[in-house]
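The model comes first, then the details.

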Amino acid sequence: MSLDLSEKRGEWVSFFQGEKCFGMINFSQAYFLVVKFRGFVLKRMEEKEMKVKPVMPFKGTKMQETKLMEIIHRHQDEPGALMPVLQEAQEVYGYLPIEVQTMIAEGLNLPLSEVYGVATFYSQFSLNPKGEHRISVCMGTACYVKGADKILEGLTERLGIGVGECTPDGLFSIDSTRCVGACGLAPVMMIDDDVYGRMTVEQLDEILDKYKEKYKTKKK
Amino acid sequence: MKYLTNTKKNIRRRRNKANAIISVQKNKTLQIDISAGKYLDSGAGITEFAGGLTKRGRKSNMLTVAELANIKARMEKIVLVRKEVGEHEKELVKASGYRAQVLVCGGTGCTSSGCQAVLTVLKQEIKKHNLENDIRIVKTGCFGLCALGPIMIVYPEGSFYSAVKPESIPEIVEEHLVNGRVVKHLLYKKTVCEDGSVKSLNETDFYRKQLRVSLRNCGVIDPENIEEYIALGGYEALAKVLTEMTPDDVIKILKDSGLRGRGGGGFPTGMKWEFAKRSEGDQKYVCCNADEGDPGAFMDRSILEGDPHSVIEAMAIAGYTIGANQGYIYVRAEYPIAVERLKIAIAQARKIGLLGNNIFETDFCFDIELRLGAGAFVCGEETALLTSIEGHRGEPRPRPPFPAIKGLFGKPTVLNNVETYSNIPQIILRGPEWFAGMGTEKSKGTKVFALGGKITNVGLVEIPMGTTLREIVEEIGGGVPGGKKFKAAQTGGPSGGCIPACHIDVPIDYENLTSLGSMMGSGGMIILDEGNCMVDIAKFFLEFTVDESCGKCTPCRIGTRRLYQYLEKITSGKGEYEDLEKIEELCMHMKSTSLCALGQTASNPVLSTLHYFRDEYIAHVVDKKCPAGVCKDLLSYEILPDKCKGCTVCAKNCPTNAISGELKNPHVIDKKKCIKCGMCMRKCKFEAIVKK
């Protein structure tokens, strides 16, 4: 079975099979279908359409699964267990692919739709894997009035990816976060747990190079 | 079952009064155990404590009022040195057992600017000089002056070292701690007078006008050590409530004090508790809203980081008052330090029996569970927060029924903000009259503001209600840096509005801010100067609410998006005059028809800027100019021929080769090629490039 997405209209895409149009679906639904049913193949993408992110195959290990089961077991009887379970599951896997969500749904005896609903509602949960180094630019008001948008722009320009995306080599991903609370140092950028305060666009190259260098030496 | 057995034990103990005396004597052995480890590190604090308790050999960890007083008496000596530096200084220092105490700020602000490295070097240096037994190092919560981090204070002198670098630690240890000479050139500049004498921190502009009630312990005690909290009267209010007062007494005190919710709405806390107490239910809950999503606000975080026990104590008081035995703290996951300290605080309180069964030998049982938010602004709204604790998408519910009637899991629930809670133990101890004596007629007490944006002293300030904006901006905040003019103060975040410079003398309280079209909000105060475009600021907040609208009700989901589109149209130079009227109409509909406060107040940033800065909107739509020079599409860069030296720096740096000209001759910008990145202006050394 093939899924053909074309003619992006806002956030909606039409859903074709062969020549027959089945109607419009939301991008996240399309993404959901692609991930859930591997049989679907994205056939034709016209120019200027959204770039369908390459779906990273799920690489969960047995150990991660045991950990997840342990987490589910620990929270099973608590009222309102879903959020803590998702949070801890994300710590184990780094993100929440549909496979993990399915396991949680089964473990907590909830419909998958509810798990998916919660996972997509909160910005903390990510359905896509993150880069080796996670860059987050604080977009709180204090940072914004001091020019955080320029820092973000500089980053997307240099790395060639948008907010919420990951570089093809898997090294960096960019997020814009809400206030990290270091307003005295505005504008603030974080890479993993390191905080870079009083940022200027000019400093970006140096900082990014530092991480690239680290990556190279690690590879060698 | 557990409850019953504990009650029996309880009765038995009360009968046998001699027991209490024995336990006090046992406590003396405990003293030695704990004070043997002079420096209590973060993790070590608990383990040592646990060790002490097992040595005491008591199966139950119930703490009596007498024992609480014992801990207080013992720890007071150490902690008071940090509070009262007066004539009793010498006696106090002697009693404390430490020659000096070094307080290092461990709040998020200072952690970001590297306090951990400072602490490591400090410990090494102290070890090197063999001062470990004479000097107590304490990692505290936020001092408030986040812009000057990392911050370090040395007592008994009260010397305030700001922007401390690890390199300067050896000098401070050598000179100050060993030789007793204050290192003046590393002190906070404002504490050093012109004649070279050092004045106390409380006399500096930043602290002088402040009145610390909520933040009373922040930057004074070690938040990871429950004993330091007890030393300053901690848990005494809980003891008083449990042993001497009825729930109705508590409600009366809160009502008399005039305390109102500090989360934004300003609902009287006493009334809220009374509703919850009156509602029927087999199970009730106490919740704490620590989901501080308002961008640029960090008051709650600082309280949780600096004084987590005050919140726990107040929640227990709330539990006793309304008849609940379970509490939840819903805290943002983006605050890792606050979460960590809360976990430690809850564990310590459980360990010595201030949480759990039969607190202070009464029938009252209470426990607290921590729930982490997952980054949704709407969860700051009370019903959405409760839905989120239940494990669902954080969507608000229609009110009524209010949470006090039907809240968490459908049971009566009291939900208050962190700052509200942290006021309560003080009100119980010092009486409602004391609290009502501060503030204005309808707004009592103090309010914490997170001062940020274009201001010299970025940080946390607590002021009595009724302080004017001018005092905050010019005196406490130290004015707008760079010689620019103050333009407006934004309060209340995405739900609030702007107070323009013409209203700078307004006393700040709930009513005044609302009548100015803004709101108290949770307490973020962002100062804007001439360089900020008000349309752009309104757009920023709308972008935020579009992102954070949960999507449940249409006026908010679609209204915010449409409003954002209008603003985008205006800032990109395509706006028309009629758009302004359409915006006002749309705002009105959103206000009256949205389900929760998020949608109802989402239009405030637009309405208030449109009201006070209409000329700026008109400049955007009619003249197609951005007076502040922020909106890119309305800008153009030009080179002033008489200033340009023809150095070619701008041409070399232009990413689109839009600048041409010969060496040593004035250059020109090709406006068709220019992408308005501003690089040339930043690179020009002669200020020859201007944006219009």
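## A sheet and a helix pair

In the predicted model, Q101(B) has R136(B) in β2(B) as its bridge partner. Residues are numbered from 1 along each chain as its sequence is written, and chains are lettered from A and ligands numbered from 1 in the order in which they are written. As this is a predicted model, local features need pLDDT of at least 70, side-chain atom pairs count only at pLDDT 80 or more, and totals for chains, interfaces and linings use all residues, while side-chain values use heavy atoms, without hydrogens and water.

Strand β1 (residues 100-105) of chain B pairs with β2(B) in the parallel sense over six bridges; pairing requires that DSSP finds at least two bridges between two strands. Helices (H or I, at least four residues) and strands (E, at least two) are DSSP runs, numbered from the N terminus. Helix α8 of chain B packs on the sheet and touches β1, β2, β3 and β4 of chain B, where contact means heavy atoms within 4.5 Å.

The two angles below lie between N-to-C directions and run from 0 to 180 degrees, with axes fitted to C-alpha atoms, for helices over the stretch in contact.

| Pair | Angle |
|---|---|
| α8(B), residues 169-178, and β3(B), 152-155 | about 15° |
| α14(B), residues 299-306, and α16(B), residues 336-351 | about 40° |

The axes of α14(B) and α16(B) are 8 Å apart. In their contact, R301(B), L304(B) and E305(B) of α14(B) meet I337(B), A338(B), R341(B) and L342(B) of α16(B).
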